[in-house]
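The entries follow in the order in which I looked things up.

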Amino acid sequence: MDEGFPLTWEEVARIHGRKIYNFAYRLSGNRDDAADLVQEVLLRVRRGLADYQPGSFDGWLWRITRNAFLDEVRRRQRRPTTPLPEEIDRFHQATSPSVEEELAMLRLGDEVQAALASLPFEFREAVVMCDVIGLSYEEISQAVAAPIGTVRSRIHRGRKLLREQLR
Amino acid sequence: MSHLDWELSAFLDGELAGDQRRAAAEHVLSCSACRAELDETAAIRARVRGLPMLEAPSGLLPAPVFKPFHRRRSVWVGAVAAVAAITIGVATITAPATQVGTVDDLARRFGARQSLDPTFSPTNAVPNLETGE
């Protein structure tokens with residue numbers, strides 16, 4: 001994505017809003033915090049669009065997202081907490097024919113979510129960016145402002161820690 | 001070659017360049033410990049990737065502006081297209097019956113009548129066809 005910047009902030013919101021929400025949710029384990037973060041990120045995107053320089057859009061967007069997340073964590077002076085049985089209720093009301101499947105999936109997801117919550121922030125962040133958002137190592141390196149070698153080892157170390165948690 | 005570490009994740013993520021990738025693959029093939037590590041890494045990677053992508057709460061993100069309009073319009077476009085297709089289809093099917101083509105066409109169309117009535121000529125029938133008389 002190296003073309004200039006043809007998007008409005010609303011388009012950024014429509015295209016990336018859900019991913020930002022999931023990023024924040026997987027890092028914080030809290031849906032309200034995730035929603036707050038989406039609003040904050042979109043505000044920053046709106047302000048930042050004028051200064052946007054052609055380059056890696058994903059690197060830019062996720063750097064903003066990550067910084068907003070860290071600022072929020074610092075502001076609240078509390079560690080991200082673990083989730084979440086509310087998810088189950090939400091899906092329970094769904095009329096989809098595969099409710100059972102979704103419930104099973106969510107329960108499995110709970111374990112992974114709890115394991116993620118146990119990781120140090122840098123590892124959790126790297127794994128979520130790679131496996132939930134689908135960023136490349138290069139994009140992650142730009143987003144977290146760390147050398148690519150650091151990103152590689154964080155992702156692998158993060159996966160190893162998850163394995164230990166889920167064993 | 002010593003055992004692989006971060007290369008295992010990078011291998012799975014498609015983040016190793018040609019030579020590195022080949023070297024890692026060769027090592028994994030000859031080292032059962034690294035092969036087991038690769039499998040375990042792949043399994044945990046798949047679990048994280050399998051986390052459901054949640055919907056953002058309604059009202060948090062701007063609604064897709066043109067979607068309802070597009071949907072309604074596309075119904076009309078579809079309807080118009082269907083009517084057009086039917087019209088064209090009907091016109092195509094009925095065309096041979098209302099339009100005069102070559103003498104051969106006429107001969108085919110009136111062949112039966114001609115065989116029953118030797119005085120009947122398709123060429124003579126043309127004016128009658130067009131006026132409907």
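Predicted model: local features only at pLDDT ≥ 70, side-chain atom pairs only at ≥ 80, totals over all residues.

Entry on the interface. I looked up the area buried between chain B and chain A and found about 3200 Å², of which carbon and sulfur atoms give 63%. For the residues involved, I noted that 28 residues of chain B are in contact with 38 residues of chain A.

Entry on polar and charged pairs. I counted 15 residue pairs in polar contact between chain B and chain A, both residues being at pLDDT 80 or more, and the rule finds 7 salt bridges across this interface. As an example I picked out the salt bridge in which the side chains of B:Arg47 and A:Glu111 meet, at 3.0 Å from N to O.

Entry on the chain B side. I saw that α1 (6-12) and α3 (32-49) of chain B each supply at least two residues of the side that touches chain A, and that α3(B) gives the largest share, 8 residues. By type, I sorted the residues of that side into 17 nonpolar, 2 polar and 9 charged.

Entry on a helix pair in chain A. I found that the axes of α1 (residues 9-28) and α2 (residues 31-48) of chain A come within 8 Å and cross at roughly 140°, and I recorded the crossing of α1(A) and α2(A) as right-handed. Among the residues making the contact I listed A:Gly17 and A:Tyr21 of α1(A) and A:Leu37 and A:Val41 of α2(A); the contact divides into 14 nonpolar, 2 polar and 3 charged residues.

Technical notes
Residues numbered from 1 in each chain as written. Chains lettered and ligands numbered in written order. Heavy atoms only, no water. Contact = heavy atoms within 4.5 Å. Buried area = accessible area lost by both parts, 1.4 Å probe. Salt bridge = Lys/Arg side-chain N within 4 Å of Asp/Glu carboxyl O. Polar contact = N/O pair within 3.5 Å; in protein donor to acceptor, adjacent residues only side chain to side chain. Helix = DSSP H or I, 4+ residues; strand = E, 2+ residues; numbered from the N terminus. Nonpolar A, V, L, I, M, F, W, Y, C, P; charged D, E, K, R; others polar. Axes fitted to C-alpha atoms, helices over the stretch in contact; angles between N-to-C directions. Left-handed = near helix turned anticlockwise from the far one by under 90°.
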